[in-house]
Each structure stands twice: as structure tokens, then as C-alpha cells.
Amino acid sequence: DQQVKQNSPSLSVQEGRISILNCDYTNSMFDYFLWYKKYPAEGPTFLISISSIKDKNEDGRFTVFLNKSAKHLSLHIVPSQPGDSAVYFCAATGGTSYGKLTFGQGTILTVHP
Amino acid sequence: GAVVSQHPSRVICKSGTSVKIECRSLDFQATTMFWYRQFPKQSLMLMATSNEGSKATYEQGVEKDKFLINHASLTLSTLTVTSAHPEDSSFYICSASDFGQGTEAFFGQGTRLTVV
């Protein structure tokens, strides 16, 4: 049972344009969502998070949007840079088990110069 | 952000031997740490929750006798892969949360285990 889904395995974007990565979840107990960036053979690096009490959180070039009714969140990267090329994972947690994350399958982002 | 250090980053071992992976929180105390496994081109799958001073909680399908977890102090958790087989070859990652700074989990660098 995949509780967190990233339906796009890959995304290719031109440098300077917007990258939009999507994530859907099914567990209504999830109330905190995170995005991680990961390079091969390395651990994930935290990017940005959002609590279910908000619908938007912005940090520099990264903005996460949360639509609770649709159980959907998205990560916007503007402007995209070649150094953003990596695998992006969305993750969710809820209840009292903060830190115990359920991950999506990941989306490979490639930003072309 | 908080720092979690994982060691070793790479290890190759022979079938039948055991391998220990260490996970340390360097600048905060972690009563709970988590161990994940990532198969090639797949998501990170939670293996177990490591609780300081008590037994680990394993996810369904994870063999607790094969993957021994010890959380002896507030800054160190270890994962020991016992009697390793080639199918145990994978990328193992630990994480810890510093609840004082928020709820995001910080990850170690990961360990690439190859069993030959």
C-alpha cells in the first residue's frame, strides 16, 4: 500500500524555468510533509516542509503548496538551475511518530542549461 | 540544520559475515533514530525505529534477527547485518530528529553494503 505517491518518475526542465514536482498521499493522519533532495550514494538532504495548518510555505527558490482536500502537495522551484538536478522525494509523517517518514518513490529532476 | 553522521560509507563483505553500521547524532541528542533501506531506483523503505534504552520496533517483513539494532546512547545507534547474503546488498540510511528544532528528520550519508 503506497501511502505517498509521486507519479512522475522523471521531469526535464530548461534552466531558468519553473520545475513543479507533485506528490499525492492517502493517509489522512499525515499532518506534516517534507521534501528531500538526494544524490546517488548519499543521504537525503532536507529542502522544505509544510504543516497541515498551512497551504503554502516558501523558502527562497523553493515553495511547497498543500491541498489537504485533494491530499496533494507540490514543490515549485523557480528559477530552476542545473545544480537542482537530483532525485526529489516527498515524505509525510503524522500522529506522534514524528521523524518516522513515509516516502514517495521519488522524481528525477534534470535541469538543462 | 542538525548533523547526523553515518559510518562506514561503503563496505564490502563476504557472505556469512556480519557488518555493523553506526549512526551518530553529532550536535543533538536523539532518543529515536530510524533505519531505512533503499533499493536501486526505488524509494526509501523504513526498516525499524531505534529507541534509546529499549528494543527497536521493526516494520512488517523486516527480520529482526538478521538486522540487529542497538541504541545504547542518545547519540549512537548501530545496525548490524548478521550472516549477510548477496540479497542484503543495498543502501542503508539512518535518520534522527531533533525535536527541539522542528520535526524534520536529518539523514546520515548512507552506507553502501555489497555482499560478495
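## A tour of chains A and B

Start with residues 56–59 and 62–67 of chain A: these are strands β6 and β7, which run antiparallel and are joined by four bridges. Strands here are DSSP runs of E, at least two residues long, numbered from the N terminus. Two strands pair if DSSP finds at least two bridges between them. This is a predicted model, in which local features need pLDDT of at least 70 and side-chain atom pairs count only at pLDDT 80 or more, while totals for chains, interfaces and linings use all residues. Residues are numbered from 1 along each chain as its sequence is written, chains are lettered from A and ligands numbered from 1 in the order in which they are written, and side-chain values use heavy atoms, with hydrogens and water left out.

**Stop 1: two hairpins in chain A**

Select Lys56(A). Its bridge partner in β7(A) is Phe65(A). Now look at the turn. Two residues lie between β6(A) and β7(A), and Gly60(A) has a positive phi near 65°.

Move on to β8(A), residues 72–77. It pairs with β7(A) over six bridges, again antiparallel. Phe65(A) stands opposite Ser74(A) here. This hairpin has four residues between its strands, and Lys71(A) takes a positive phi near 50°.

**Stop 2: Thr107(A)**

Select Thr107(A), in strand β11 of chain A (residues 107–112). Buried or exposed? Thr107(A) is buried, at 3% relative accessible area. Buried means under 20%, exposed over 50% and partly exposed in between, with a 1.4 Å probe and protein chains only.

Show the side chain of Gln6(A). It makes a polar contact with the side chain of Thr107(A) at 3.4 Å. Such a contact is a pair of N or O atoms within 3.5 Å; within protein, one must be able to donate a hydrogen and the other to accept it, and residues adjacent in sequence count only if both atoms are side-chain atoms. Beyond four places in sequence, Thr107(A) also has contacts (heavy atoms within 4.5 Å) that include Pro9(A), Leu21(A) and Tyr88(A).

**Stop 3: aromatic rings**

The whole structure holds ten aromatic pairs over all chains. Select Tyr36(B) and Phe107(B): their ring centres are 5.7 Å apart and their planes meet at 50°, so the pair is tilted. Tyr36(B) lies in β4(B) and Phe107(B) in β10(B), 71 residues apart. Rings of Phe, Tyr and Trp (its six-membered ring) pair if their centres lie within 6.5 Å; planes under 30 degrees apart count as stacked, over 60 as edge-to-face and the rest as tilted.

Tyr36(B) is buried at 0% relative accessible area, and Phe107(B) is buried at 9%.

**Stop 4: a sheet in chain B**

Select β1, β3, β8 and β7 of chain B. In that order they form an open, antiparallel sheet. β1 (4–7) and β7 (67–73) stand at the edges with a single partner strand each, so one side of each has no neighbour in the sheet. Inside, β3(B) and β8(B) pair over six bridges. Val19(B) has Val81(B) as its bridge partner in β8(B).

**Stop 5: the cores**

Finish with the largest nonpolar core, which has 25 residues; Val4(B), Trp35(B), Leu79(B), Tyr92(B) and Leu113(B) touch the most other members. A second, separate core of 23 residues includes Leu47(A), Leu75(A), Ala92(A) and Leu109(A). A nonpolar core is a set of buried Ala, Val, Leu, Ile, Met, Phe, Trp, Tyr and Cys residues joined through side-chain atoms within 4.5 Å.
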